[in-house]
Amino acid sequence: MRSFLFVILTGTAVAQVGPNYERPATEAPPKFKDVTWRSANPSSHLPKGEWWKIFRDTKLNELESKATANNQELKAAIARFDQARATARITRGDLLPTLGAPMSFDHQRTSGNMPSPFPINGMRYDGPAINTLLDFSWEIDLWGKIRRGIEADRANAEAAADAVHNVLLGIQAEVASSYFQIRALDAEMRVVREAVSWRSEALKIAKARVLAGAGSELEEAQSATEVASAEAEISALQARRDQLENVLAILIGASAASFHLPVNASELRSPPAVAGGVPTDLLERRPDISQAERQLAAATAKIGVAKAQFFPSLKLMGNGGFQSGDIDLLLEPASVLWTYGPKLSIPLFSGNKNRFNLSRSKSIHDEALAGYRQAFLAAVADVETSLSQIKNYSSQAGAQQRARGSAEKAAQLAKTRYEAGTSPYLDVIEANRTVLSVQRAAIQTSGQRLTATVSLIKAIGGGWDATQPAAMPQVTPDPAGRADGDLDRPGFFSKVKGLFGGRN
């Protein structure tokens, strides 16, 4: 018997049904389209993860810190990680035996006609029954079912950790993108307000010319129209700014009613160069790819769990203690009882449930595999799109700079010719409209270049790196999240308090 148990226990160290996980090969292009960008590395001196500091904007740094500490979506992602980690630890406990102490005090009445190997002649027991036992149970993991379950739950916990960093990266990128859009709107409103100012001056001059008999009412009406149109544009731009400001408030975990971002109408800086690599680097730098890969590992392990259901299961069972109808006699040697022995369960018929469960596990694996490959394809496309935007926005900015110079020159010529009486006032209006349009387009492109840079940083994974330990973000605890601290401390009495006095 002892040798039999020794073989069983040692055999569990090697017996494990189901496929072992290996990360699938991914076909990746050797480089991104016609872009050389590996050599640029301006952010190598920065702390890992704080990629937004390459923009050298103190207000952006402040907003990113608030978003990391207070964003509710991030807190929910961290809570999901805590759940997955706890589940993995619970599953790991299945490898160990369980020991309990069931105690009961019953008043019972036995049947006088109960089956018995000897005649009881209608005798029965009517009275108390006191039991104090120790109950032992240990499932021997013959086929690796428990170990595969631990493997799956550990991979799910790692996927949940990657999901936290994916959510964090998305939040950080959205904060930066919204901030730069607001900065572009501030600069655009500054230009439009300047246009309102000089158009108002032109309207005053037109009114004076009409009063002096040197101008026409048409010129005055045209000037008034230009002023009103520019004022309407300011209101439209402000509405867009308010909307983005509310989005920013949600991202940093603040109330939209109380949050206000001060106006900063200064010129937007040129976007910094961003360090990167080749497409295969995304496998190490994109948390969503790592999350999909860990989910695939979990699905692979679940196949082993499903396969193990086809094989017998073995449990070592036992209990012992005292049983008596009189509490005074409970601890007497005659009150001792015990049972022990193995319990073998052989699956003979389950209505094909095990077969369909295995089929479902394989389908879940195939879905996870497709999700992993799709995540990589989407990542490469994200980088390509961002690189294309940066390249084209840069060319567009250069052309707009040339157009701005030409438009300002044309506006000056139209004004000179109008004052000389050789051109109508309509030429001045059209030239000034063109100047304003080109100025606004240049500012919009500057903002788009910054947001495209943010998109590229997000597309390459920000400062995340799968080869480095992934620390959880430091968030501000919610006072309403009343976690029972006693449950976090080991010890018998704290566990009893948690069971009987804690919240459900």
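Guide: Start with Ala306. Across the chain, Ala306 touches Asn357, Leu358 and Ser361, leaving aside residues up to four places away in sequence. Keep in mind that this is a predicted model.

Visitor: Where does Ala306 sit, and how far is its C-alpha atom from that of Lys145?

Guide: Ala306 belongs to helix H7, residues 287-308. The C-alpha atoms of Ala306 and Lys145 are 7.9 Å apart, although 161 residues separate the two along the chain.

Visitor: Why is Ala306 called buried?

Guide: The relative accessible area of Ala306 is 1%. Buried means under 20%. Ala306 is therefore buried.

Visitor: What share of the protein chain is buried?

Guide: Buried residues account for 38% of the 504 residues. The secondary structure of the chain comprises ten helices and five strands.

Visitor: Which residues form the contact between H2 and H3?

Guide: Ala67, Thr68, Ala69 and Asn70 in H2 meet Gln72, Leu74 and Lys75 in H3. By class, the residues of this contact are three nonpolar, three polar and one charged.

Visitor: Now the largest pocket. What is its volume, and which residues lie nearest its centre?

Guide: The volume of the largest pocket is about 530 Å³. Its lining has 20 residues, of which Ala202, Lys415, Tyr425, Val428 and Asn432 lie nearest the centre.

Visitor: Which helices supply at least two residues each to that lining?

Guide: They are H4 (145-212), H5 (217-251), H8 (353-419) and H9 (425-459). H4 gives the largest share, seven residues.

Visitor: How does the lining of the largest pocket divide into nonpolar, polar and charged?

Guide: The lining holds nine nonpolar, three polar and eight charged residues.

Visitor: What share of contacts in the chain joins residues at least 24 apart?

Guide: Among contacts between residues at least 6 apart in sequence, that share is 82%.

How values were computed: Residues numbered from 1 in each chain as written. Predicted model: local features only at pLDDT ≥ 70, side-chain atom pairs only at ≥ 80, totals over all residues. Heavy atoms only, no water. Helix = DSSP H or I, 4+ residues; strand = E, 2+ residues; numbered from the N terminus. Buried < 20%, exposed > 50% of the residue type's maximum accessible area, 1.4 Å probe, protein only. Contact = heavy atoms within 4.5 Å. 1 Å grid on protein atoms, 1.4 Å probe; cavity = no way out; pocket = protein on both sides within 12 Å on 5 of 7 lines; lining within 4 Å. Points joined across faces, edges and corners; volume = space filled by probe spheres on them. Nonpolar A, V, L, I, M, F, W, Y, C, P; charged D, E, K, R; others polar.
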